[in-house]
Amino acid sequence: MRLKQLITFAVIAVSIYSCKEDKTTEIDFENEEVNNVVEEKKLEFGFDINDYIVQRDTIKSGDSFGEIMQRNNIGYPNIFKIAEVTKDTFDIRKLHPGRPYTLLYSKASAQDSLPSPETFIYQPNQEEYVVIGLKDSIHAYTSRKPITYVEKTATGVIESSISKTLEEKGLSQRLAYKMADEIYAWTIDFRRLQKGDRFKVIYTDKYIDDTIYAGIQDVKAAYFEHNGDSLYAFQYETDSIKGIVDYFNEDAKNLRRAFLKAPVQFSRISSRYNLKRRIAVYGYKVRAHRGTDFAAPIGTPIMATASGTVIESTRRGGNGKYVKIRHNDTYTTQYLHMSKRLVQKGDFVKQGDIIGKVGMTGNTGGPHVCYRFWKNGVQVDPFKQKLPEAKPISDSLKVEFLDHIKPIKQRLDNIFFLEADPIHEENTITEDLNTDIQ
Ligand SMILES: [Zn+2]
């Protein structure tokens with residue numbers, strides 16, 4: 001929300017199509033004077049495009065600002081002057097192949113034998129543009145296209161996986177990522193969703209210039225029914241100075257835990273904590289596995305699942321290269337089979353810090369990290385633990401929070417799942433996006 005000053009925040013309850021509707025200017029046709037100036041202004045980059053001859057192109061590889069100018073009849077003395085005057089705002093050497101640029105010519109210049117443009121506009125990315133005035137008073141400035149956030153809601157019922165449900169409903173996969181990795185990472189195992197689990201979300205989509213879809217910005221609130229449990233999540237900023245935003249349930253409990261669920265991202269659990277494990281290589285004898293194995297390619301960063309002090313960083317026997325971290329009097333974690341250790345004994349690490357890379361040193365059949373978790377000196381299954389909450393909401397904020405979520409929760413509760421399972425119907429994309437009730 002740092003862009004707040006620069007953008008118009010539009011909380012509009014709409015279906016997916018209404019944001020693409022043309023904005024038509026209302027004209028009073030009974031008034032003749034108005035009727036005479038019916039030609040609409042067409043603003044782009046802050047210019048009324050109707051006043052110019054517009055030439056659009058993209059930077060080709062090998063193109064330079066000088067060459068583009070020369071092709072458009074601006075000679076070298078002028079190019080140097082432009083470069084000199086504008087250098088504090090924009091470095092003309094930083095044109096990237098493939099990025100669009102626009103040249104504006106005055107309409108009068110159509111009479112010239114060698115017309116040259118008045119303005120050069122370059123778009124280094126989707127949102128920003130640089131305007132260089134090429135004539136008379138040479139100048140340059142950077143500006144930003146207007147950004148609009150549109151609030152939307154969606155529901156879904158799980159048939160096989162969340163990504164399949166989203167795909168069938170024409171919804172962005174980012175919603176799955178947001179729910180699985182950011183909101184419910186500690187409370188729901190998305191690899192074990194069940195048929196019939198269902199969700200509702202209130203989220204914001206981002207648009208540049210009202211038309212270019214720039215993806216999901218934020219999930220404001222969510223509701224997930226998993227295994228008969230109902231899990232609410234409300235986004236809330238607990239520290240506006242540091243910009244700390246977390247998700248809390250309806251009782252102001254933080255959904256994040258003091259420990260990450262996994263020390264590697266995008267991994268697959270290849271072997272769980274299992275005291276009765278039997279494996280072929282050991283003749284199917286019981287060989288308890290007291291760790292959780294996360295398979296991931298060699299070199300994948302391994303993160304500290306919680307903040308703490310490194311108490312061991314070494315290589316030893318079957319463990320291979322490993323790191324052990326003491327988090328507090330109760331908890332200690334260990335990460336085995338690394339290809340590289342990136343911390344030393346005595347280092348203090350924060351949750352999410354990269355402490356090493358996945359490898360296959362020691363006793364291992366394939367690249368993975370064996371994650372071991374101690375509680376009061378006993379190795380336990382981290383997935384079976386009631387792990388401590390991350391930062392709980394302060395008492396003073398709690399009242400404010402409960403007040404803040406009241407209308408949002410009401411909205412969530414008022415979104416209804418469609419009676420007929422939408423997954424089996426076709427062309428339901430727009431209907432499934434419930435229109436907000438406000
Ligand atoms: Zn293991």
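## The zinc site

The structure is a predicted model. Its zinc ion has three residues as protein donors: His 289 through NE2, Asp 293 through OD and Cys 370 through SG. These donor atoms lie 1.9 to 2.3 Å from the zinc ion. Along the chain, the donors follow the spacing H-x3-D-x76-C. Asp 293 and Cys 370 thus link distant parts of the chain, being 77 residues apart. Asp 293 belongs to strand β14 (residues 291-295), while Cys 370 belongs to strand β21 (residues 368-375).

Are Asp 293 and Cys 370 buried or exposed? A residue counts as buried when its relative accessible area is under 20%. Asp 293 is buried because its relative accessible area is 9%. Cys 370 is likewise buried, because its relative accessibility is 2%.

## The largest pocket

The largest pocket has a volume of about 1300 Å³, and 44 residues line it. Nearest its centre lie Asp 181, Glu 182, Ala 185, Trp 186 and Leu 260. By class, the lining of this pocket consists of 24 nonpolar, 8 polar and 12 charged residues.

Which elements supply at least two residues each to the lining of the largest pocket? They are α5 (174-183), β11 (229-239) and β12 (244-248). Of these contributions, that of α5 is the most, with 7 residues.

The pairing of β3 with strand β4 (residues 100-106) is antiparallel and extends over 7 bridges. Within this pairing, Ile 53 stands opposite Tyr 105 in β4.

## The sheet from β8 to β12

Another open sheet is formed by 5 strands in the order β8-β9-β10-β11-β12, and its pairing is antiparallel. Here β8 (147-157) and β12 stand at the edges; because each has a single partner strand, one side of each lacks a neighbour in the sheet. The twist in this sheet averages 25° from one strand to the next.

Strand β8 pairs with strand β9 (residues 198-208) in the antiparallel sense, over 11 bridges. Thr 155 has Lys 200 in β9 as its bridge partner. In general, the strands of a sheet pair through backbone hydrogen bonds, either parallel or antiparallel.

How values were computed:
Residues are numbered from 1 along each chain as its sequence is written. This is a predicted model: local features need pLDDT of at least 70, side-chain atom pairs count only at pLDDT 80 or more; totals for chains, interfaces and linings use all residues. Side-chain values use heavy atoms; hydrogens and water are left out. Donors are N, O and S atoms within 2.8 Å of the metal (3.2 Å for Na, K and Ca); water is not among the atoms, so sites may look incomplete. Helices (H or I, at least four residues) and strands (E, at least two) are DSSP runs, numbered from the N terminus. Buried means under 20% relative accessible area, exposed over 50%, partly exposed in between (1.4 Å probe, protein chains only). On a 1 Å grid over the protein atoms alone, a cavity is a set of points where a 1.4 Å probe fits but cannot get out, and a pocket is an open set with protein on both sides within 12 Å along at least five of seven lines; lining residues have an atom within 4 Å of a point. Grid points are joined across faces, edges and corners, and a volume is the space filled by probe spheres set on the points. Ala, Val, Leu, Ile, Met, Phe, Trp, Tyr, Cys and Pro count as nonpolar, Asp, Glu, Lys and Arg as charged, and the others, Gly among them, as polar. Two strands pair if DSSP finds at least two bridges between them. Axes are lines fitted to C-alpha atoms, for helices over the stretch in contact, and angles run from 0 to 180 degrees between N-to-C directions.
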